[in-house]
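Grab a pencil and work through the exercises below with the structure open beside you. Try each task before you read its solution.

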Amino acid sequence: MPVPFLRARRPLRSRLVYRSVAAAAAVITITALAACGGASSGTGASGSTPSSSSGASGTLNWEWELPTSWDPVTSSAGWDMHVLGLVYASITTLNPAGTVIPGLATSWTYAPNGKSVTFTLRPGLKFTDGTPLNAEAVKENLVRGQTQANSTQSSELAVISKIIVNSATSFTLDLTQVDYQVPDLLAGKDGMMVSPASFKDVGAIPTHPVGAGPFILTSYVPDSHASLVRNPGYWDASQIHVENFNVLDITEPAQILAALESGQVNVAYIAGNQVASAKAAGFKIAIIPSEVVNELDIQTTTAPFNNPLVVEAINYAINRQAILQVQAAGYGSVAYQPFPAGFVGYSPELANLYPYNPTKAKQLLAEAGYAHGLTVTLTATSDDDSLAEQIQGQLEQVGITVNISNISEDTETQYLYLDKTIPFAIDGTAGRMSPVEMLDVLYSQQGLMNVDGKTSTTSAAVAAALSAALTVPLTSSDYASTLQNAVVTAVKDDPIHIWLYTNPRIFAYSPTVTGIPYDLVQQRWEGVRVSS
């Protein structure tokens with residue numbers, strides 16, 4: 001399942017400047033657009049106006065990055081799922097541990113041969129414009145994801161060969177191959193349902209979303225903030241206790257704490273080195289395990305990285321614990337694989353794969369023919385300068401001179417993932433709903449984050465291990481071991497990623513906010529309350 005959407009934002013807080021409302025583009029107010037399926041300002045699932053009769057109250061002001069697009073089909077960052085999940089509901093969802101559970105669908109059943117899966121939807125579902133959310137609407141959404149020219153979902157959904165509407169609440173997906181990861185896949189952006197009435201003008205969806213999620217977007221200032229109200233027609237509305245929800249994109253770390261102290265926000269995403277200050281100011285801290293892992297992309301088809309001994313030497317030369325301490329104040333853990341401890345894909349076999357050993361690194365470089373050192377270029381955005389300089393210093397100690405080349409975030413994706421012309425770069429993953437999908441993105445021949453170049457080939461062992469993981473049901477007792485075998489095989493056979501450290505999702509929040517869920521993959525807001 002090669003995945004075409006672009007990189008997930010790494011959780012490094014040294015972004016640019018705060019884009020204030022005054023300096024931002026004009027507010028996009030979401031007005032009633034019934035003819036084209038636009039969301040009505042404050043309109044509920046059946047056209048009603050949201051009210052607090054449910055007992056919902058309060059306003060949650062969340063500091064977080066706004067999405068690249070409010071359309072899940074054209075969203076170009078994995079990180080977008082956190083905000084898109086406010087507006088859209090998915091066919092399935094994940095529990096806090098990352099296990100797939102019911103969402104819009106209450107159940108699903110695979111055929112005995114594993115090549116088709118039938119889902120049952122909740123009855124009476126509606127989008128916020130009143131359009132029925134039935135099996136036909138699901139089909140229209142999946143077809144759009146497969147066929148729209150600028151879709152970032154098309155290759156993910158290519159595993160679906162046919163969509164059969166059995167009834168208003170039942171549909172069957174015929175698959176091109178045995179793939180038990182489909183329910184996981186549909187827990188994310190691929191399974192987020194958009195009102196088909198919006199498809200008359202798909203160009204409007206990126207700023208005027210119409211979904212069936214817990215909230216309704218009422219206004220939006222690009223690069224600044226978004227305002228939402230509770231959707232009383234959400235299938236799990238009884239668990240949504242917040243009446244108003246705002247997302248504020250504040251880019252300067254120091255201003256994030258100032259925004260908390262002033263009350264501009266009451267939940268903020270902060271870096272590890274801001275935790276002490278936030279605690280001292282009286283805010284509560286939530287340290288939420290996540291699938292975010294910082295790493296280095298390395299093109300093993302380009303000299304000197306085409307010598308496996310050089311790649312191995314770099315792995316041993318990096319002091320991951322020191323990096324974790326400096327970059328994240330020790331929050332997180334050192335990493336040698338793409339999944340964090342506690343996740344089903346995490347392999348204990350890789351727990352200490354490359355312990356810091358500069359002496360061994362020097363020996364490996366000598367064996368590789370670089371006894372007198374070598375020079376490489378490390379590409380990084382300005383956000384990553386501190387990490388780049390720390391890696392530069394560590395590699396210098398073993399005889400590797402590192403020149404740092406800065407690149408803008410706007411062009412990095414093109415050169416790194418699409419053109420594949422950057423041989424050594426700082427990067428990071430934000431995980432995927434399906435762990436096999438994540439491995440595919442990282443290690444398959446056509447994987448977006450496999451930067452080995454257009455002539456790259458995935459080893460037969462890795463390809464076989466990935467295929468094997470697809471064919472094991474998620475409920476099988478063999479699933480964890482099969483998935484972990486795929487992780488071990490990929491990491492050891494194709495060392496195109498040098499894993500550094502995991503990044504928990506750290507929130508500083510007001511004592512007036514309670515019940516924040518600890519979700520491994522996608523941040524959710526069921527159960528959260530805001531008191532006055």
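**Exercise 1. Take Glu526: is it buried or exposed, and which residue is its salt-bridge partner?**

Step 1. Glu526 has a relative accessible area of 18%, so it counts as buried. The cut-offs are these: buried means under 20% relative accessible area, exposed over 50%, and partly exposed in between, using a 1.4 Å probe and protein chains only.

Step 2. The partner of Glu526 is Arg524, with the closest N and O atoms 3.1 Å apart.

Step 3. Now check Arg524: its relative accessible area is 18%, so Arg524 is buried.

Before going on, a word on the model: it is predicted, so local features need pLDDT of at least 70 and side-chain atom pairs count only at pLDDT 80 or more, while totals for chains, interfaces and linings use all residues. Residues are numbered from 1 along each chain as its sequence is written, and side-chain values use heavy atoms, with hydrogens and water left out.

**Exercise 2. How many salt bridges does a search of the whole structure find, and which parts of the chain does the pair Asp71 and Arg144 tie together?**

Step 1. The search turns up 3 salt bridges.

Step 2. In one of them, the side chains of Asp71 and Arg144 meet at 2.8 Å, N to O. Asp71 sits in the loop between β2 (59-63) and α1 (81-87), and Arg144 in helix α2 (residues 135-147), so this pair ties together parts that are 73 residues apart in sequence. Helices (H or I, at least four residues) and strands (E, at least two) are DSSP runs, numbered from the N terminus.

Step 3. How open are the two ends? Asp71 is buried at 0% relative accessibility, and Arg144 is buried too, at 6%.

Step 4. Now look at Lys492 and Glu349, whose closest N and O atoms are 2.9 Å apart in a salt bridge. This pair links distant parts of the chain: Lys492 is in helix α13 and Glu349 in the loop between α7 (320-328) and α8 (358-367), 143 residues apart. Lys492 is partly exposed at 42% relative accessible area, whereas Glu349 is exposed at 53%.

**Exercise 3. Which strand runs antiparallel to β9, and how many residues of β9 are buried?**

Step 1. The neighbour is β10 (residues 225-230), joined to β9 by 6 bridges. Two strands pair if DSSP finds at least two bridges between them.

Step 2. Leu217 stands opposite Leu228 in β10.

Step 3. The two strands form a hairpin with 3 residues between them, and Asp223 in the turn has a positive phi of about 65°.

Step 4. Count the burial: 7 of the 7 residues of β9 (residues 215-221) are buried, so this strand is largely enclosed by the rest of the structure.

**Exercise 4. Where is Phe245 found, and which residues does Phe245 touch?**

Step 1. Phe245 belongs to strand β11 (residues 244-248). At 1% relative accessibility, Phe245 counts as buried.

Step 2. Leaving out residues up to four places away in sequence, Phe245 touches Leu60, Trp62, Leu86, Phe215, Ala226, Ser227, Leu228 and Trp525. Contact means heavy atoms within 4.5 Å.

Definitions and conventions
A salt bridge is a side-chain nitrogen of Lys or Arg within 4 Å of a carboxyl oxygen of Asp or Glu.
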